[in-house]
Amino acid sequence: MSEEAIKNRQTATGKKPGFKDSLKSMDTEETFDLIFYRPIGYMWALIARRFGITPNVITIASIFLGIGAGVCFYFNNLWINIGGVILLVWADSFDSADGQLARMTGQYSRLGRILDGLSGEIWFCAIYVAICLRENHTSHFFMTHLWAIWIFALITGFFHGIQAAMADYYRQFHLFFVKGKEGSELESASHLWEQFHALSWKKDFIKKIVMGFYANYTTSQEKRTPWMQKLRKTLKEKFGNHIPKEFRERFREKSLPLMKYTNILSFNVRSFALFAAILIFRMPWLYFAFEVIVLNIILVYMVVRHEHICKKFYLELKD
């Protein structure tokens, strides 16, 4: 929503954008987020708006909180670990707040989206390193085989990246059908690469690096979803930017049940598993096993089902 649209709404209704306006879509919101993180994030967003703090500043603050959580998880001490839990929850409340503030104020930017995606990866990178160092000092097996936990962490991090990327991609594709192009952050890799090549290494060095990273990220998402890309291309050729309402509603109906899997692959379920491994079982490496085994099964199931849906609608358009 642009600043002009916000002002027009305020003029028409006499009200500023409220809590519901800070949400992406009820289709993609997780129950625990609605109960816990979104109300807290909304509070932070209101405070930030009052003091003129931008969404990117909140995102950067969340990065430091997430790194602090990782440091706390290094220690084999219950109370320090609980401190880490508090910091990670705080970081995620900020992660919720930056998006809510952006929707409330119209402060959207591609840099903000990239920074928001990177923040969570930085949190977990710090947590992975903390777990590895801790296991090397406390676990008899990993003290004897120092390299094992680090290889386990690298494998876990690789799959973590794919899981998070695909969950976000399917969520944005769903929002594309719910709210249209303006209500989704769905990107095209070819368009991003055009922008990348248009930038100068000499004049736009940092911006070009960021754009290259983002274009490559989007390319990897598209390569894993061949039927979705065929459907996107056909929709563009046949309807342009005005997909019939009836078609959008039918696709939304089929896609909606998969949104719960995108949420599982996001933050909350991961954090619950992490907290259980560290606080209850006192075996942090179990979190790696959870990501590699449980979340990968969910990932494969989600991809297969979504591709099947896209294939069905693509063939329907081709008939």
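Trainee: Before we start, what should I keep in mind about the model?

Mentor: It's predicted, so local features need pLDDT of at least 70 and side-chain atom pairs count only at pLDDT 80 or more, while totals for chains, interfaces and linings use all residues. Residues are numbered from 1 along each chain as its sequence is written, and side-chain values use heavy atoms, with hydrogens and water left out.

Trainee: How do I read an aromatic pair, and how many aromatic pairs are there?

Mentor: You describe a pair of rings by the distance of the centres and the angle of the planes. Rings of Phe, Tyr and Trp (its six-membered ring) pair if their centres lie within 6.5 Å; planes under 30 degrees apart are stacked, over 60 edge-to-face, the rest tilted. That rule gives 33 aromatic pairs here. Take tryptophan 90 and phenylalanine 94: the ring centres are 6.1 Å apart and the planes sit at 75°, so this pair is edge-to-face. Both residues belong to helix H4 (residues 78-105), four residues apart, about one turn of the helix. Helices, by the way, are DSSP runs (H or I, at least four residues), numbered from the N terminus.

Trainee: Is tryptophan 90 buried or partly exposed?

Mentor: Buried means under 20% relative accessible area, exposed over 50%, partly exposed in between (1.4 Å probe, protein chains only). Tryptophan 90, at 37%, is partly exposed, whereas phenylalanine 94, at 13%, is buried.

Trainee: Which residue lies over the face of phenylalanine 196?

Mentor: Lysine 208, at 4.1 Å from the ring centre. The charged end of lysine 230 likewise sits over the ring of tryptophan 227, 4.1 Å from its centre. The test is NZ of Lys or CZ of Arg within 6 Å of the ring centre and within 35 degrees of the ring normal.

Trainee: And how do I read packed helices?

Mentor: Look at the angle between the axes and the distance between them. Axes are lines fitted to C-alpha atoms, for helices over the stretch in contact, with angles from 0 to 180 degrees between N-to-C directions. Under 35 degrees is roughly parallel, over 145 roughly antiparallel, 65 to 115 roughly perpendicular, the rest oblique. Helix H7 (residues 146-179) and helix H9 (residues 205-223) pack at about 80°, axes 10 Å apart, which makes H7 roughly perpendicular to H9.

Trainee: Which residues of H7 and H9 make the contact?

Mentor: With contact meaning heavy atoms within 4.5 Å, Ala164, Ala165, Met166, Asp168 and Tyr169 of H7 meet Tyr217, Gln221 and Glu222 of H9.

Notes. Helices (H or I, at least four residues) and strands (E, at least two) are DSSP runs, numbered from the N terminus.
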